[in-house]
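Try each task before you read its solution.

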Amino acid sequence: MLILAHPRRDSLCGALFDACGDGARTAGVECRELILSEMHFDLDVHVVSPELQPLEPDLLRAQQDIQWAEHLIFVYPTWWGTFPARLKGFLDRVLTPGFAFRHVTHDRWDKLLSGRTADLITTMDTPPWIYRFIYRAPGQQALVRATLGYCGIRCARIETFGSVIAATAAQRQQWLERARSVGSRLAEGALSTMQRAAAWLAALRLQFYPMTWIAYTVGALAATVGGSLAMAPYLLGYLVLFLLEAATVFLNDWFDFDSDRINRLGGPFTGGSRVLVDGRLDRPAMRRGIGLALLGAAAALALLVAMAPASSSGSIVAIYLPLALLALSYTVPPLKLSHRGLGELDVALTHSAGAILAGYVAQGGHWSASTPWLLALPLGLAVLPAILLAGCPDRAADQAVGKRTLVVILGPRTAIRLAMAACLAAPVIAALLALTRLDTPALLGWSAAGGALHAIWLWRCLGRLANETLPDRIDGPIVLALSFILWFCVPPLIVLASAAS
């Protein structure tokens with residue numbers, strides 16, 4: 001959707017508008033146009049709220065076109081640091097509550113135009129560097145953040161042409177070519193290479209990977225006590241885990257789309273990455289990402305098995321294949337473990353026993369050895385509070401789409417009390433193993449001591465959550481629960497690394 005907001009059609013903005021449209025159509029993009037100077041509507045809102053004022057036919061058509069569009073391009077002049085009155089009036093009248101956004105509470109709202117992107121093409125007499133660094137681009141900031149962003153439209157690109165008053169004919173011709181390229185590049189998608197890379201980084205949710213790596217390394221070091229790591233199997237084994245984790249979070253975004261779309265409480269640890277919901281990646285791109293991650297994991301596993309001694313290859317297959325099945329089945333049919341009250345247990349198992357055993361067998365250990373299983377027991381219990389807490393903000397959205405997580409089944413208060421029990425059980429189990437097993441005191445002694453102190457802190461925090469009105473967002477307690485996990489993998493890592501050196 002191309003929107004020309006200059007009051008005069010025969011202007012430089014009009015020429016840029018035409019060039020951009022030519023580039024888009026040449027690239028095979030379907031385009032519609034809105035020329036605000038040719039539209040008839042009242043610029044002012046005369047009633048209490050704009051949705052109460054009847055829309056003129058031109059504005060009704062504009063709303064239909066915005067609803068239809070995947071990408072919007074605004075072409076306008078920058079006057080007095082911002083955009084013309086006609087564009088401001090257009091936005092005031094068109095982006096109405098119920099169409100562009102919906103207030104839920106005084107500080108929360110639904111972004112009803114999410115999944116769309118926009119480009120801004122603007123001209124100015126002010127030198128662009130002064131506008132950006134001295135004036136701080138007030139008009140662009142208002143349009144990108146306070147208007148389009150408020151409604152869920154993500155800005156992909158801003159092209160600023162100036163200073164117009166001092167421009168030569170040759171410069172203006174170069175600007176027209178740049179505007180044409182803005183349109184033609186849409187054949188490859190609206191986002192730039194850097195924006196797509198940032199979207200993929202967001203989709204990976206890298207904040208969760210260090211826990212897996214530490215647990216995997218503990219298992220690898222436990223298999224080589226007194227020796228050194230075989231680096232090729234170590235790196236290949238972790239590559240398999242990394243790619244499986246990537247495929248899992250991609251698949252979660254894919255199959256949890258309906259839940260994520262209506263989830264108003266998503267955050268850094270809840271509600272998925274939202275790259276599909278916000279339109280930063282489309283479904284074909286995500287499908288390719290899932291396929292590449294799975295193919296890469298399969299290739300790395302095949303290479304790991306091929307280079308392993310015959311005595312170890314069976315253990316590798318016996319651990320990695322069930323681990324892959326459990327990880328991928330978190331949201332993938334037919335198992336859909338997260339929809340059956342088993343997702344939390346699945347995460348606890350794969351991020352403790354699964355990761356530790358993966359490292360153990362990659363270094364030649366046998367899957368039936370007791371050490372990795374014993375190390376995994378308190379770690380798995382320590383993972384449960386974080387994953388249970390993460391389900392609390394998502395509960396309403398999960399329940400609405402029929403996803404029966406433990407938090408949905410038990411209710412948030414009971415789930416939090418279960419998390420409290422797990423946070424006490426983890427250091428207790430670690431202490432019992434340290435006292436009763438001759439091979440684990442050094443490995444789990446610090447885990448028991450430090451974990452107990454952290455557990456008291458976490459217990460008190462969770463107790464307040466269970467006994468008071470649960471806030472919408474609980475990022476602080478989730479961070480506290482995630483850091484609790486570290487007590488049950490970092491001390492064993494330090495002890496084992498010291499023994500290896």
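On a 1 Å grid over the protein atoms alone, a pocket is an open set of points where a 1.4 Å probe fits, with protein on both sides within 12 Å along at least five of seven lines, and lining residues have an atom within 4 Å of a point. Its volume is the space filled by probe spheres set on the points, which are joined across faces, edges and corners.

This is a predicted model, where local features need pLDDT of at least 70, side-chain atom pairs count only at pLDDT 80 or more, and totals for chains, interfaces and linings use all residues. Residues are numbered from 1 along each chain as its sequence is written, and side-chain values use heavy atoms, with hydrogens and water left out.

**Exercise 1.** Describe the second largest pocket and its lining.

Step 1: the space in this pocket comes to about 260 Å³.
Step 2: helix H15 (residues 395-400) gives the largest share of the lining, 4 residues. Helices here are DSSP runs of H or I, at least four residues, numbered from the N terminus; strands are E runs of at least two.

**Exercise 2.** Work out how strands E4 and E5 pair.

Step 1: E4 (residues 101-105) and E5 (residues 108-111) run antiparallel, joined by 4 bridges; pairing takes at least two DSSP bridges.
Step 2: look across from Arg102 and there's Asp110 in E5.
Step 3: with 2 residues between them, the strands make a hairpin.
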